[in-house]
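Student: I am new to this structure. Please take me through it feature by feature.

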Amino acid sequence: SLLIDNQDAANAVTVRLNRSTNTVTIAGSNFRAFNDAWIEQIDLTGPSTNTQVTSQVAPLTQISPYGGGVTN
C-alpha cells in the first residue's frame, strides 16, 4: 500500500509508478492512496515543494513461498 500526500497548498505533483507511461496528477492539498498494489518504483515530478510518501512494505517471504524477490 502507498499513500502520496501533496502537502503543498498551491502546486500539483505528478506521480508515475513502476516506469509506466501513465501518470496521476495530485492537486495541491490532496492525496492519493494505492492499495494492494505491486509498486517497485515511484517518480514524483512537478512544482510541489512538499510531498509526503508513506508505504507499507511486505517481506519477500510473504510474497513468495521461495523467498525470491523481483529484480530490475
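Predicted model: local features only at pLDDT ≥ 70, side-chain atom pairs only at ≥ 80, totals over all residues.

Student: What share of the protein chain is buried?

Tutor: Buried means under 20% relative accessible area, exposed means over 50%, and partly exposed is in between (1.4 Å probe, protein chains only). Of the 72 residues in the protein chain, 15% are buried. Accessible area itself comes from the Shrake-Rupley method with a 1.4 Å probe, and for residues only the protein chains shown count as cover. The protein chain exposes about 5,200 Å², with carbon and sulfur atoms supplying 48% of it.

Student: How do I read contacts along the chain?

Tutor: Contact means heavy atoms within 4.5 Å. Take the contacts between residues at least 6 apart in sequence: 59% of them join residues at least 24 apart.

Student: How many bridges join E1 to E4, and how many join E1 to E6?

Tutor: Four bridges join E1 to strand E4 (residues 31-34). In that pair, Leu2 stands opposite Phe34, and Asp5 stands opposite Phe31. Five bridges join E1 to strand E6 (residues 51-55). There, Ile4 has Val53 as its bridge partner.

Student: Which residues of E1 lie on the covered face?

Tutor: Start with the general idea. In a regular strand the side chains alternate between the two faces of the sheet. In strand E1 (residues 2-6), the covered face holds Leu2, Ile4 and Asn6. The uncovered face holds Leu3 and Asp5.

Student: Is Asn6 buried or exposed?

Tutor: Asn6 is counted as buried because its relative accessibility is 0%. Leaving aside neighbours within four places in sequence, Asn6 is in contact with residues including Val13, Ile26, Ser29 and Thr51. The C-alpha atoms of Asn6 and Thr49 are separated by 8.6 Å, although the two are 43 residues apart along the chain.

Student: What is the strand order of the sheet that contains E2?

Tutor: The order is E3-E2-E5, an open sheet of three strands with antiparallel pairing. Its edge strands are strand E3 (24-26) and E5, each pairing on one side only. The twist averages 25 degrees from one strand to the next. Three bridges join E2 to E3, and Val13 stands opposite Ile26 in E3.

Student: How many salt bridges does the structure hold?

Tutor: A salt bridge is a side-chain nitrogen of Lys or Arg within 4 Å of a carboxyl oxygen of Asp or Glu. The structure holds one. Asp43 forms a salt bridge with Arg16, with the closest N and O atoms 2.9 Å apart. The pair links distant parts of the chain: Asp43 is in strand E5 and Arg16 in strand E2 (residues 13-17), 27 residues apart.

Student: What else does Arg16 touch?

Tutor: Not counting residues up to four places away in sequence, Arg16 touches Asn22, Thr23, Gln41 and Ile42 as well as Asp43. Arg16 counts as partly exposed because its relative accessibility is 32%.

Student: Which residues form the nonpolar patch on the surface?

Tutor: Patches are made of residues with over 30% relative accessible area and no salt bridge; like charges are joined within 9 Å, nonpolar side chains (Val, Leu, Ile, Met, Phe, Trp, Tyr) within 5 Å. Here Ile42, Leu44 and Val53 form the patch, with about 210 Å² of accessible area together. Ile42 lies in strand E5 (residues 42-45). Ile42 is partly exposed, because its relative accessible area is 34%.

Conventions: Residues numbered from 1 in each chain as written. Heavy atoms only, no water. Helix = DSSP H or I, 4+ residues; strand = E, 2+ residues; numbered from the N terminus. Pairing = 2+ DSSP bridges. Axes fitted to C-alpha atoms, helices over the stretch in contact; angles between N-to-C directions.
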